[in-house]
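Visitor: I have a protein model to look through. Can we go over it in plain terms?

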Amino acid sequence: MAPRNIIIDTDPGQDDAVAILLALASPELNVLGITAVAGNVPLNLTQKNARIVCELAGFPETLVFAGCDTPLSRKLVTAEHVHGKTGLDGPQLDAPEMPLQDAHAVDWIIETCRAAQAKSITLCPLGPLTNIATALTRAPDIKDAIEEIVLMGGAYFAVGNITPAAEFNIYVDPEAAKIVFDAGLPLTVMPLDMTHKALTTKPRIDKFRQMGTTVGTMTAAWTDFFERFDMEKYGSEGAPLHDPTVIAYLINPDLFTGRQINVEIETQSELTLGMTVADWWGVTDRAPNCMFMGDLDAEGFYELLAERLATLQ
Ligand code: BDR
Ligand code: CA
């Protein structure tokens, strides 16, 4: 089977970094390009971090674009308290040598989709949805080229991680999230409900460390860094590894289970801004607009990660 064409839209972030590594290591996927967005840290750092990760993986020819530096209509909220000042805190990393592409990420997404065959591109947003919403609003015709959007964001049973009611990616740009959830495109959502079961336990991370490769060592060091925050917060034996679940789903969807439900985004209330109001129990007659994941085979997920990352340098 021909590899699936994907665009990774991201705000690295250590978990975004692992997602990029997994995608680059997987022959089932063809990474057309990586588009950076402001999120965990400002755009000047997320675009740089995306390039650092591609170089680390041994894929310096990957196209990396910088996109929107602020949400559609709000001030940027960042997450240095989780990811550190650089967004990739942990090990010391050299500045990347590979270039940043000249085009704006949104222009490139539009051009690429317009040049593509119908339903031939899967969008993989791992951060706030500003770039994707801007592209869909400016060029609604690109919907034809989009096979599916698989994103990390939202929560229902796990409620919030940045406010008591909202998950970070949706909270940072709720207006953008609303555009994406209302787009009428096939949409698969990886919420906290499921990613909180993908914990970086010690034996799982030791497997990365024991690979004896640069990628294995870095992955272990990154997860060691960000897990301190979540372990303290939740009292769990590891931290959720959110973003790689998007890529793992494309490689092996059988690792995940969920429900086809309606999800609406709160954009008005100050108290619950960015909440993903998920009709998990089917108590409304609102039409389903996404597949909302609730569970995963965590062992299978980490086995896939270890197997694929071991193929990198
Ligand atoms: C999401 O927020 C970011 O901090 C992570 O990279 C992930 O995409 C989890 O809420
Ligand atoms: Ca992210």
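Guide: Cys290 is buried, at 0% relative accessible area (buried is under 20%, exposed over 50%, partly exposed in between, with a 1.4 Å probe and protein chains only). This is a predicted model, where local features need pLDDT of at least 70, side-chain atom pairs count only at pLDDT 80 or more, and totals for chains, interfaces and linings use all residues. Residues are numbered from 1 along each chain as its sequence is written, and side-chain values use heavy atoms, without hydrogens and water.

Visitor: How many disulfides does a search of the whole structure find?

Guide: The search finds 0; a disulfide is a pair of cysteine sulfur atoms within 2.5 Å.

Visitor: New topic. Which residues touch the most other members of the largest nonpolar core?

Guide: Ile6, Ile8, Trp222, Ile247, Phe256 and Leu305, in a core of 63 residues. A nonpolar core is a set of buried Ala, Val, Leu, Ile, Met, Phe, Trp, Tyr and Cys residues joined through side-chain atoms within 4.5 Å.

Visitor: What about Trp281, buried or exposed?

Guide: Trp281 counts as exposed because its relative accessibility is 56%.

Terms used: Chains lettered and ligands numbered in written order.
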